[in-house]
Amino acid sequence: MKTARKKRKFEWGYLLLLPGLGYILFFLAGATGMMIAQSFGLFNYTAESRFSLEYWRGILNETFVDDLLYSLKIAVCASLLCICIAYPLALIIKKLPGERTILSLVKIPMFIPALVASLLILNIIDYHGILNIILVRLQIIEEPLRLRNDSWGVAALLIQAWKNIPFMLIIMYSAVEAVRRDVIDAARNLGAGRLAVFTQIIVPLTLPSALVSVILVFIRVFNDYVISKTAGPLYPNTISNLMHVTAYLYNDWPSAACIGCLMVITAVSFVSAYTYLSKKLMQNL
Amino acid sequence: MAEGLSLKNITKRFGNFTALNHVSFDIKPGEFVTLLGPSGCGKTTLLRIIAGFLEPDEGEVWFGDQKMNDVPPHKRNTAMCFQSYALFPHKTVYENIRFGLRMRKVPASQHRALVEEAMAMVNLTGLENRKPYELSGGQQQRVALARSVVVRPNILLFDEPLSNLDAKLREKVRVEIRDLQRKLGITAIYVTHDQSEALAISDTIISMNQGAIIQKSDPRTIYDRPVSKFIADFIGTANLVPCTVTRQQGSLFQVQSPYGMLLAEDKDFPHDSGEYYLCIRPEDVRPVLDGEPAGEDNILEGVVKNSIYMGNTLDLFARVQTEPLRASVWKDYHIEEGTRIRFAVPRSKIRILEG
């Protein structure tokens with residue numbers, strides 16, 4: 001009797017996992033499985049559903065490669081630009097009086113949706129934007145500069161930086177703040193000047209956070225749709241845009257699913273390689 | 001080489017709060033000095049001024065014959081052991097200890113030998129490649145100690161280095177610190193609020209309160225002949241009661257106190273009469289059993305309220321007239337609570353103090 005009750009309790013206990021595990025299984029594994037199946041022609045909404053490899057054969061065309069390279073380029077550039085600004089900024093803010101106020105002000109871009117941010121910045125750099133008006137009035141340039149939808153993606157890069165620096169700054173600021181005062185004092189006491197304290201203590205202790213924040217921003221920018229759509233080049237554009245166009249404009253859901261699969265594979269392999277390299281770097285430090 | 005140290009009129013304020021108020025003292029080369037006082041008395045501030053982490057608002061810091069006020073911390077040849085150890089978490093034990101050598105541009109060819117020597121001094125050999133988080137508290141403190149002595153500083157600074165260790169280990173490490181300092185002949189300044197640690201480790205104790213020095217003397221003097229009620233109370237335990245004093249002749253005083261009329265022999269007390277405090281250490285109180293002669297000693301008669309067996313002593317909390325009296329007596333006495341008893345206190349063991 002006793003053992004039977006014990007056994008039943010044990011089985012019911014698994015149900016407690018449902019809210020977490022069920023969520024993961026249904027939305028993550030389920031959706032990913034659907035995507036993989038769709039890429040092979042199954043669950044096709046727009047045509048007859050049947051297994052086929054033709055979508056995978058057709059996907060690796062020039063447009064896809066260009067868009068993939070563009071996505072990687074903008075993600076690498078944006079995450080490097082962000083860390084180059086956020087890291088020194090975190091160190092400077094730590095030294096300033098009123099650091100809390102500055103920090104909460106700097107966080108504001110985090111609460112502004114990407115679309116709004118994009119349009120805000122476009123108002124500044126647009127053909128008839130504030131920047132061009134000022135430059136023309138001051139007779140520095142004769143014709144307004146084409147800054148949005150430029151072929152390299154400078155506008156998109158700027159907006160990505162504007163949107164992601166605060167996010168990175170929060171991570172970097174807490175990393176800088178976590179370096180204990182007495183550890184720095186100990187270093188100074190043992191003969192370390194300002195530069196040595198920075199290179200020997202502060203950098204090695206904050207580098208793990210810097211590495212993590214770079215990869216987080218990389219993923220955010222790599223997967224971006226809105227900012228590139230509004231401010232990025234007309235061609236090439238991000239992989240997300242390509243996927244959207246393929247699914248909704250060309251009504252080709254299986255090909256869009258292939259793009260989705262490749263996006264996930266690229267992101268995961270990039271993150272894995274990066275994680276491996278950063279581990280090596282930290283070990284050698 | 002060991003160097004002496006002089007502080008001249010050091011004053012430090014934080015806003016309206018005066019942390020140090022015209023503090024001056026000299027320390028001889030090779031001396032082990034403890035700054036002792038309750039928290040907030042300014043002892044750590046003083047240590048940080050000596051290390052150069054804080055600048056005094058007034059006054060001068062001298063190492064030997066060199067004025068150090070404008071010398072930044074990394075150019076003063078001091079080495080500090082922190083309460084939190086402050087080891088570099090990302091470096092191995094070996095790299096932690098070597099850090100000071102690298103910073104002070106000691107030729108790299110000497111590093112290994114110097115680090116190994118320092119590690120041997122504090123019994124850390126074999127732990128070179130561990131990270132600080134893999135060590136126990138005592139081991140971490142030893143790494144901090146090795147890291148400090150390896151650079152051969154002129155002055156070693158300790159900021160409550162043992163307060164995070166358990167009692168047994170504390171006693172062990174403090175003996176090691178003392179031995180090491182003697183062997184290397186380095187001047188040491190040690191901050192603590194633990195009076196037994198200060199008594200055990202120092203050549204000289206500088207007792208501080210509210211940003212000022214109250215007494216500077218060797219451990220025996222500061223314990224036996226405290227100059228004020230504050231020190232008698234802070235260092236060790238003491239029975240302290242208000243009293244009226246009249247000088248009889250020489251150093252003999254008649255003392256009217258809640259314990260009754262007593263005679264005290266105090267060579268240091270400068271005044272002839274007035275209202276002061278008398279101080280009796282519990283271990284100077286001796287029970288007088290029936291039939292025992294008391295000689296010239298003062299006799300205090302009371303009732304034992306609590307009798308607590310401590311192992312090494314028997315602690316008695318008695319009431320003499322209306323006043324509590326604490327006595328710490330030989331452990332083999334069997335004295336029950338409620339016993340009426342006579343206590344003897346030698347005249348020379350009663351000290352008269354200003355409030």
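How many helices and strands does chain A have? Select chain A and you will find 13 helices and 0 strands, where helices (H or I, at least four residues) and strands (E, at least two) are DSSP runs numbered from the N terminus. The radius of gyration of chain A, taken over C-alpha atoms, is 25 Å, well over the 19 Å that the globule rule (2.2 Å times the number of residues to the power 0.38) gives for 285 residues, so chain A is more spread out than a compact globule.

Before moving on, a word on what you have open. This is a predicted model, in which local features need pLDDT of at least 70 and side-chain atom pairs count only at pLDDT 80 or more, while totals for chains, interfaces and linings use all residues. Residues are numbered from 1 along each chain as its sequence is written, with chains lettered from A and ligands numbered from 1 in the order in which they are written.

Colour by burial next: 30% of the 285 residues count as buried (20 or more other C-beta atoms within 10 Å of their own, with C-beta atoms placed from the backbone).

Now hop to chain B and select residues 5-14 and 58-63, strands S1 and S4, which pair antiparallel over 5 bridges (pairing takes at least two DSSP bridges). Zoom in on B:Lys8, whose bridge partner in S4(B) is B:Glu60.

S4(B) and S5(B) form a hairpin with 2 residues between them, and B:Gly64 in the turn has a positive phi of about 60°.

Note on methods: A residue is buried if 20 or more other C-beta atoms lie within 10 Å of its own, exposed if 12 or fewer, and partly exposed in between; C-beta atoms are placed from the backbone.
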